[in-house]
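Subject: Handing over a structure

Hello,

Here is the structure I promised to pass on to you. Have a look at it first, and then read on for what turned up in it.

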Amino acid sequence: MADSASGMTVTFWGVRGSTPVPGPNTVRYGGNTPCVEVRAGDSIFVLDAGTGIQSFGRDFREKSDEPVKLHLFLTHTHWDHIQGLPFFQLAYDPRNEIHIVGPKRQGSALLDCLERQMLPPNFPVPFALLQGVKSVTEMASGDSMQVGDATIHSAALNHPNESMGFRVEHGGRALAYCLDHEHGDTNQIHPGVAALAQNADMLVFDAAYTDEEYPSFRGWGHSTWQEGYKTARELGVRILALAGFNPGVVDSDLDAIKVEVEAMAGRTIIATEGSSIEL
Ligand SMILES: [Zn+2]
């Protein structure tokens, strides 16, 4: 855990996009949908509530039975980024203080989107029973929020139904989180990504595809590890963490990408469930 004076510790609990893909071919890098835990001094941040958030909750409870206070930042409400919330045990404990923050959008209130996921007959337990959730707040693109000693900045990304990226700053360190995002066809880095990731210590980037696969998925709202690499180098990022892998990507595919990126300049990692990095 980072001490309260400086730095951050980042732990990956879910690294897959679209749908969980458990099984023998994904067991090494992990099969859960997106969730990242960030410890920044006394503050706990959770980025996205994919199925990986269940692992975060279990891990937390194994280490402590104390009430928890945390902020959960949601990039958007596509299933794979919220589907772990109804199974997030910490959210049911009324002693806890969970503050959910997500994108402000035209026509779709964040709270409505979260409640609708849990409506009968599609789910038996209503959102209102998540008694550990004390607030749901919308954040507009470009807004910043202070939590403890940390500052969180937001920016809209390029994604169907809109996605929002975040930059968490604490103790002179910065983490940029850019899932889900499509780089598009221009040679310009998207202004949202540029605003969030400039000189970041770590950029978590949407590496759903390879450049070779991308033409078949144009317009689906995701990017490639090669675009992540170019973006990270151009923006002076210290560590690039590739994540958001397409469901068809298996461990041996990620092994091959790992070999390739480790031979390239700069530090690039394959985000791996259960692994932590101190910034
Ligand atoms: Zn999405």
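Is Asn25 buried, partly exposed or exposed? Please keep in mind that this is a predicted model. Asn25 is partly exposed, because 15 other C-beta atoms lie within 10 Å, a count between the 12 or fewer of an exposed residue and the 20 or more of a buried one. Asn25 belongs to the loop between β1 and β2. Leaving aside residues up to four places away in sequence, Asn25 touches Val250 and Asp251. Along the chain, Asn25 and Val249 are 224 residues apart, yet 9.0 Å separates their C-alpha atoms.

Now to the chain as a whole. The protein chain has six helices and 14 strands. Along the principal axes, the C-alpha atoms fill a box of roughly 50 × 45 × 40 Å. Of the 279 residues, 48% count as buried. If you take the contacts between residues at least 6 apart in sequence, 68% of them join residues at least 24 apart.

Next, the sheet. Seven strands make up an open sheet with mixed pairing, in the order β6-β5-β4-β3-β2-β1-β14. The edges are β6 (133-139) and β14 (276-278); each has a single partner strand, so one side of each is left without a neighbour in the sheet. From one strand to the next, the twist averages 20 degrees. Within the sheet, β4 (residues 69-73) and β5 (residues 97-103) run parallel and are joined by five bridges.

Another part to visit is around helix α5 (residues 225-234). Its buried residues include Trp225, Gly228, Tyr229 and Ala232. Among the elements that cover the buried residues of α5 are α4 (191-197), β11 (202-206) and α6 (251-262). After α5 comes Gly236, with a positive phi near 70 degrees. Strands β12 and β13 run parallel, and four bridges join them. Ile239 stands opposite Arg267 in β13. Going from β12 through α6 to β13, the chain makes a right-handed β-α-β crossover. On β13, Thr268 and Ile270 form the covered face, while Arg267 and Ile269 form the uncovered one.

Which residues touch the most other members of the largest nonpolar core? That core has 76 residues, and the ones in question are Leu175, Ala176, Cys178, Leu203, Val204 and Ala243. Strand β10 (residues 173-178) gives the most to this core, with five residues. Apart from residues up to four places away in sequence, the contacts of Ala243 include Val15, Pro34, Leu179, Phe205 and Ala271.

Some loop residues deserve a look too. Leu130 lies in the loop between α3 (110-116) and β6, and counts as buried because 24 other C-beta atoms lie within 10 Å. Beyond residues up to four places away in sequence, Leu130 touches Ala91 and Tyr92. Pro121 is also placed in the loop between α3 and β6, and a cis peptide bond with omega of about 5 degrees joins Pro120 and Pro121. A cis peptide bond joins Leu179 and Asp180 as well, with omega of about -20 degrees; Asp180 sits in the loop between β10 and α4.

Lastly, two residues other than glycine have a positive phi. For Ser18, in the loop between β1 and β2, phi is near 70 degrees. For Asp48, in the loop between β3 and α1, phi is about 75 degrees. Is each of these buried or partly exposed? Ser18 is partly exposed, with 19 other C-beta atoms within 10 Å, whereas Asp48 counts as buried, with 30 C-beta neighbours inside 10 Å.

Conventions: Residues numbered from 1 in each chain as written. Predicted model: local features only at pLDDT ≥ 70, side-chain atom pairs only at ≥ 80, totals over all residues. Pairing = 2+ DSSP bridges. Axes fitted to C-alpha atoms, helices over the stretch in contact; angles between N-to-C directions. Contact = placed C-beta atoms within 7 Å. Right-handed = clockwise from strand over helix to strand, strands pointing away. Core = buried A, V, L, I, M, F, W, Y, C linked by C-beta atoms within 7 Å.
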